[in-house]
Amino acid sequence: MRARQDYYTTPLATVAEFFVKFQELVPALDLTVAQVFDPAAGGCAENIMTYPAALRALGCENIDTLDIRQDSRAAIIADYMNFYPEKEYDLIITNPPFNLALDYIVTALEDCKSGGYVVMLLRLNFFGSLSRKEFFSNNMPLYCFVHTQRPRFNKNSSENAEYAHFVWKKGYNPPHTQTYLL
Ligand SMILES: C[S@@+](CC[C@H](N)C(=O)[O-])C[C@H]1O[C@@H](n2cnc3c(N)ncnc32)[C@H](O)[C@@H]1O
């Protein structure tokens with residue numbers, strides 16, 4: 001059974017592992033000055049918001065957070081599908097709700113600056129769907145960071161999927177996605 005609003009938390013170690021490689025490949029994105037948005041920020045009384053916590057550990061201070069749940073720790077409580085940010089972002093990053101993942105990517109690409117980055121934690125087989133073939137044909141990710149050690153989410157422990165951080169650079173549609181195994 002899917003959790004309420006598809007809420008579960010990403011381990012901090014998984015996000016930190018992603019950022020080590022991402023910063024090595026994209027040193028020009030200075031997180032200490034970047035405008036960053038997490039539009040499915042999560043968190044609750046028991047759990048931190050993972051992506052903002054990982055970003056703050058890297059010196060990032062300009063982080064807007066949004067979530068639909070009233071009990072989330074996000075600063076903005078709203079439905080991202082009906083939300084229009086007042087600024088454009090250098091980086092939009094999250095683990096989106098599974099059933100809205102493609103809508104999240106499309107919306108985040110709209111909300112991102114030209115040349116900015118959209119990063120989503122997705123199942124690796126997100127690549128392999130006929131229904132998303134047209135989207136990927138027009139929007140190939142620049143990078144795919146495969147987490148060879150499966151993240152241990154605090155949800156249904158029987159889950160058996162591989163996960164990767166997919167990275168789009170707005171305005172770029174590369175012929176191939178550069179793939180890294182973490
Ligand atoms: C898979 S959880 C990820 C939480 C957090 N990003 C993390 O990685 O630990 C997805 C989050 O999206 C939120 N959510 C679901 N639908 C949403 C919507 N339409 N707008 C905003 N947030 C939504 C849920 O409440 C949940 O906190």
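**Exercise 1. Strand β6 and its partners**

Task: In this predicted model, find how many bridges join β6 to β8 and which way the two strands run. Then do likewise for β6 and β7.

Solution:
- Step 1. β6 and β8 run parallel and are joined by four bridges. Within this pair, Tyr 143 stands opposite Gln 178 of β8.
- Step 2. β6 and β7 run antiparallel, with five bridges between them. Tyr 143 has Val 167 of β7 as its bridge partner, and His 147 has Tyr 163 of β7.
- Step 3. Strands of a sheet pair through backbone hydrogen bonds, either parallel or antiparallel. β6 shows both cases: parallel to β8 and antiparallel to β7.

**Exercise 2. The faces of β6**

Task: State which residues of β6 lie on each side, and whether they are buried or exposed.

Solution:
- Step 1. In a regular strand the side chains alternate between the two faces of the sheet.
- Step 2. One side of β6 carries Tyr 143, Phe 145 and His 147, and the other carries Cys 144 and Val 146.
- Step 3. Buried means under 20% relative accessible area. Five of the five residues of β6 are buried, and both faces of the strand are covered.

**Exercise 3. The whole sheet**

Task: Give the strand order of the sheet and name its edge strands.

Solution:
- Step 1. Eight strands form an open sheet with mixed pairing, in the order β3-β2-β1-β4-β5-β7-β6-β8.
- Step 2. The strands that pair on one side only are β3 (76-77) and β8 (178-181), and these are the edges.

**Exercise 4. Helices against the sheet**

Task: Locate α3 relative to the strands, then list what covers α3 and α2.

Solution:
- Step 1. Helix α3 (residues 101-111) lies across β4, β5 and β7, at about 165° to β5.
- Step 2. The buried residues of α3 are Ala 101, Tyr 104, Ile 105, Thr 107, Ala 108, Leu 109 and Asp 111. Their cover includes β4, β5, β7 and α4 (133-138).
- Step 3. In α2, the buried residues are Thr 50, Tyr 51, Pro 52, Ala 54 and Leu 55. Their cover includes α1, β1 (36-38), β2, β4, β5 and β7.
- Step 4. Just after α2 comes Gly 59, with a positive phi of about 90°.

**Exercise 5. The nonpolar cores**

Task: Find which residues touch the most other members of the largest nonpolar core, and which element gives the largest share.

Solution:
- Step 1. The largest core has 28 residues, and Phe 19, Phe 22, Leu 55, Leu 91 and Ile 93 touch the most other members.
- Step 2. Two or more residues each come from α1 (12-25), α2 (50-57), β4 (89-94), β5 (112-123), β6 (143-147) and β7 (163-169). The largest share is that of α1, with four residues.
- Step 3. Beyond its neighbours within four places in sequence, Leu 55 contacts Phe 19, Leu 31, Val 36, Cys 60, Ile 63, Leu 91 and Ile 93.
- Step 4. Another core, of 26 residues, lies apart; among them are Phe 83, Tyr 89, Tyr 104 and Leu 109.

**Exercise 6. The largest pocket**

Task: Describe the volume and lining of the largest pocket.

Solution:
- Step 1. The space in the largest pocket is about 420 Å³.
- Step 2. Its lining has 31 residues; Gln 5, Asp 6, Ala 40, Asp 67 and Pro 97 lie nearest the centre.
- Step 3. The elements that give two or more residues to this lining are α2 and β2 (63-67).

Conventions: Residues numbered from 1 in each chain as written. Predicted model: local features only at pLDDT ≥ 70, side-chain atom pairs only at ≥ 80, totals over all residues. Heavy atoms only, no water. Core = buried A, V, L, I, M, F, W, Y, C linked by side-chain atoms within 4.5 Å. Buried < 20%, exposed > 50% of the residue type's maximum accessible area, 1.4 Å probe, protein only. Contact = heavy atoms within 4.5 Å. Pairing = 2+ DSSP bridges. Axes fitted to C-alpha atoms, helices over the stretch in contact; angles between N-to-C directions. 1 Å grid on protein atoms, 1.4 Å probe; cavity = no way out; pocket = protein on both sides within 12 Å on 5 of 7 lines; lining within 4 Å. Points joined across faces, edges and corners; volume = space filled by probe spheres on them.
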